[in-house]
Amino acid sequence: MEGYLSAKESVEKYIEGSRTKFQSSFLQLFSKAIMAGAMIAFGAAASSVAAHTVSDVGLARLAAAVVFPVGLMMVILLGAELFTGDCMIAMSVMDGKQKLGDLIRVLFVVYLGNFVGATLLAGGIVLSGQLDYTAGMLGAYTIKVAIGKTNISFEQGIVSGILCNILVCAAVLMAGCAKDITGKLMASFFTIMLFVTAGFEHCVANMYYITAGLLAKSNSEYVRLAMETYGYSQNTLDGLNVTNFLVTNLVPVTIGNILGGVLFLAVPMYCLNIQKEKKNRVEVKEKRDVICTTVFADSAH
């Protein structure tokens with residue numbers, strides 16, 4: 001296609017480009033992953049600023065959704081490594097170009113780097129004094145967001161994570177369809193805006209949101225405002241802890257993100273666009289071999 005690539009061409013380009021990820025050293029992957037974690041955290045931090053004074057839930061999510069996609073835009077254009085999008089490198093394994101062990105290695109390194117980047121940015125945001133906005137209400141809102149995320153059920157975390165990463169991976173492939181920067185930005189913006197407005201769970205974004213909430217909780221003024229504004233009890237605040245961060249939220253959401261990116265997006269996209277073509281090529285080759293064998297046999301007689 002003249003103006004943009006087809007879905008099939010985007011999948012092929014992604015598989016080919018995945019080779020660089022598998023060939024990268026630990027330091028290269030880890031550094032790019034730290035960058036991506038920080039970029040997503042920048043989008044998350046700014047989205048909280050946009051939403052923290054909006055009382056209507058739908059409008060608050062929409063306000064956040066208009067800002068948050070900038071994080072993925074930076075990841076796509078600057079070549080950083082984001083765990084959720086990288087789940088699609090499973091297509092390279094399906095295509096026989098890479099091994100499962102290498103896939104696990106890449107995803108583990110990227111996940112770890114994303115965690116470091118998002119956590120460092122959360123610390124930087126707190127130290128910058130940004131949470132003092134609106135007389136400390138941004139700090140209270142940051143606690144509220146973190147509490148909401150650490151109070152979801154295991155099943156909710158998985159399903160919400162699945163729905164989230166279907167959209168994130170779709171955004172990455174759609175950006176790959178575009179041949180210019182404007183197209184890449186537009187494709188990623190609207191798809192990510194959809195997932196944020198819907199309120200689905202993204203493990204890397206949560207690395208920022210919940211870490212920032214835990215840090216904000218150490219400020220007594222933010223805690224006081226959160227209790228007064230949102231009606232939290234001390235017991236509710238105590239539920240915002242590292243255990244609930246990792247076990248209640250991050251584990252199920254990560255599982256969901258993997259399932260969404262691999263089973264619900266990468267597998268169908270590969271089967272619909274690549275596997276059928278490979279099968280057709282094999283069938284054509286087999287027919288050609290049969291014809292050649294027959295012709296050779298006839299000529300021998």
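This is a predicted model: local features need pLDDT of at least 70, side-chain atom pairs count only at pLDDT 80 or more; totals for chains, interfaces and linings use all residues.

Visitor: Let's start with the rings. Why is the pair F26 and F30 called stacked?

Guide: Two rings pair if their centres lie within 6.5 Å, and planes under 30 degrees apart count as stacked. The centres of F26 and F30 are 5.3 Å apart and their planes sit at 15 degrees, so the pair is stacked. Both residues belong to helix α2 (residues 26-51), 4 residues apart, about one turn of the helix. The whole structure holds 7 aromatic pairs.

Visitor: What makes F115 and F245 a tilted pair?

Guide: The centres are 6.0 Å apart, within the 6.5 Å limit. F115 lies in helix α7 (residues 100-128) and F245 in helix α14 (residues 242-300), so the pair ties together parts that are 130 residues apart in sequence. F245 is buried at 4% relative accessible area, whereas F115 is partly exposed at 24%.

Visitor: On to charges. What makes E12 and K8 a salt bridge?

Guide: The cut-off is a Lys or Arg side-chain nitrogen within 4 Å of a carboxyl oxygen of Asp or Glu. For E12 and K8 the N to O distance is 2.8 Å, so the pair qualifies. Both lie in helix α1 (residues 7-23), 4 residues apart, about one turn of the helix. E12 is partly exposed at 29%, and K8 is partly exposed at 27%. The structure holds 8 salt bridges.

Visitor: Why are K21, E81 and D86 called one network?

Guide: E81 bridges to K21, with the closest N and O atoms 2.8 Å apart. E81 lies in the loop between α4 (70-78) and α5 (83-86) and K21 in helix α1, so this pair ties together parts that are 60 residues apart in sequence. D86 also meets K21, at 3.1 Å from N to O. D86 lies in helix α5, so its pairing with K21 ties together parts that are 65 residues apart in sequence. Bridges with shared partners join K21, E81 and D86 into one network.

Visitor: What makes M35 part of a surface patch?

Guide: Patch members need over 30% relative accessible area. M35, L77, L78 and I181 form a nonpolar patch with about 380 Å² of accessible area together.

Visitor: Why do T134 and A135 get flagged?

Guide: Most residues other than glycine have a negative phi. T134 has a phi near 55 degrees, and A135 has a positive phi of about 55 degrees. T134 lies in the loop between α7 and α8, and A135 is found in that loop too. At 68% A135 is over the 50% line, so A135 is exposed. T134, at 43%, is partly exposed.

Visitor: Last one. What makes a space a cavity, and what lines the largest cavity here?

Guide: In a cavity a probe fits but cannot get out, whereas a pocket is open. The largest cavity holds about 30 Å³, and is lined by I40, F68, L72, L82, V168, I192, F195 and H202. The largest pocket holds about 660 Å³. Its lining has 30 residues, with R61, Y141, V145, K149 and G199 nearest the centre. The largest share of that lining, 6 residues, comes from α8.

How values were computed. Residues are numbered from 1 along each chain as its sequence is written. Side-chain values use heavy atoms; hydrogens and water are left out. Rings of Phe, Tyr and Trp (its six-membered ring) pair if their centres lie within 6.5 Å; planes under 30 degrees apart count as stacked, over 60 as edge-to-face and the rest as tilted. Helices (H or I, at least four residues) and strands (E, at least two) are DSSP runs, numbered from the N terminus. Buried means under 20% relative accessible area, exposed over 50%, partly exposed in between (1.4 Å probe, protein chains only). Patches are made of residues with over 30% relative accessible area and no salt bridge: like charges are joined within 9 Å, nonpolar side chains (Val, Leu, Ile, Met, Phe, Trp, Tyr) within 5 Å. Accessible areas come from the Shrake-Rupley method with a 1.4 Å probe; for residues, only the protein chains shown count as cover. On a 1 Å grid over the protein atoms alone, a cavity is a set of points where a 1.4 Å probe fits but cannot get out, and a pocket is an open set with protein on both sides within 12 Å along at least five of seven lines; lining residues have an atom within 4 Å of a point. Grid points are joined across faces, edges and corners, and a volume is the space filled by probe spheres set on the points.
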